[in-house]
Amino acid sequence: MLRAIFILAVLTIVISPSASELVRFQQCEETSPQPCTIHAVRINPCPEAENDQPCKIKRGRSASIEFDYAMEFQATELDSRMYWNNEGVDLPLIGVDTNGCNMVSCPIEANANNTYVWTLNVSKKFPIRVFDIKVKIKNQDNNFCCFLTKIRLTK
């Protein structure tokens, strides 16, 4: 009986959906001198991801953005930036912590799989619309990981 309960508990944990949803993303057009691979991007909350739609985030609230990556370079320092990519022009988002070592444990070894977790606090002053968001983390030698995804800000 205990064995059956244990197996059921393990299956529940394995099968249960994650709190964060996998979202569509694309690698940035610019390339790093040494490669970085983004394996997956998740945003929480984002029930819209099931329908391949941009995540709806209410102004005045926050959302968690996580991504799994592997860099072919090491990093002792990590500069983190998030931008609104408006027709190819990167406009920095205000209030984003730029010290990447606050979101992931530094130093980062080359070729290691890592997960980066970032909280995006959405100001009530941001306009209601769909935004192309660019996320870029860069080491001390200007090697970087970069991707784009979409979010929809709502009231």
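What is the volume of the largest pocket? In this predicted model, the largest pocket has a volume of about 280 Å³. The structure also holds one cavity of 30 Å³ or more, and the largest cavity has a volume of about 50 Å³.

**The largest pocket**
- The lining of the largest pocket is made up of 14 residues, and those closest to its centre are Arg24, Phe25, Leu148, Thr149 and Lys150.
- Strand S10 supplies three residues, the largest share of the lining of this pocket.
- By class, six residues of the pocket lining are nonpolar, four are polar and four are charged.

**The largest cavity**
- The residues that line the largest cavity are Leu93, Leu120, Val122, Phe126, Phe131, Ile133, Ile151 and Leu153.
- Strand S9 (130-139) and strand S10 (144-154) are the elements that each give two or more residues to this lining.
- The lining of the largest cavity consists of eight nonpolar residues, with no polar and no charged residues.

- Lys136 is located in strand S9.
- Lys136 counts as buried because its relative accessibility is 17%, and buried means under 20%.
- The side chains of Lys136 and Glu30 are joined by a polar contact of 3.0 Å.
- Leaving aside residues up to four places away in sequence, Lys136 touches Glu30, Asp79, Ser80, Arg81, Tyr83, Phe144, Cys145 and Cys146.

Note on methods
Residues numbered from 1 in each chain as written. Predicted model: local features only at pLDDT ≥ 70, side-chain atom pairs only at ≥ 80, totals over all residues. Heavy atoms only, no water. 1 Å grid on protein atoms, 1.4 Å probe; cavity = no way out; pocket = protein on both sides within 12 Å on 5 of 7 lines; lining within 4 Å. Points joined across faces, edges and corners; volume = space filled by probe spheres on them. Helix = DSSP H or I, 4+ residues; strand = E, 2+ residues; numbered from the N terminus. Nonpolar A, V, L, I, M, F, W, Y, C, P; charged D, E, K, R; others polar. Buried < 20%, exposed > 50% of the residue type's maximum accessible area, 1.4 Å probe, protein only. Polar contact = N/O pair within 3.5 Å; in protein donor to acceptor, adjacent residues only side chain to side chain. Contact = heavy atoms within 4.5 Å.
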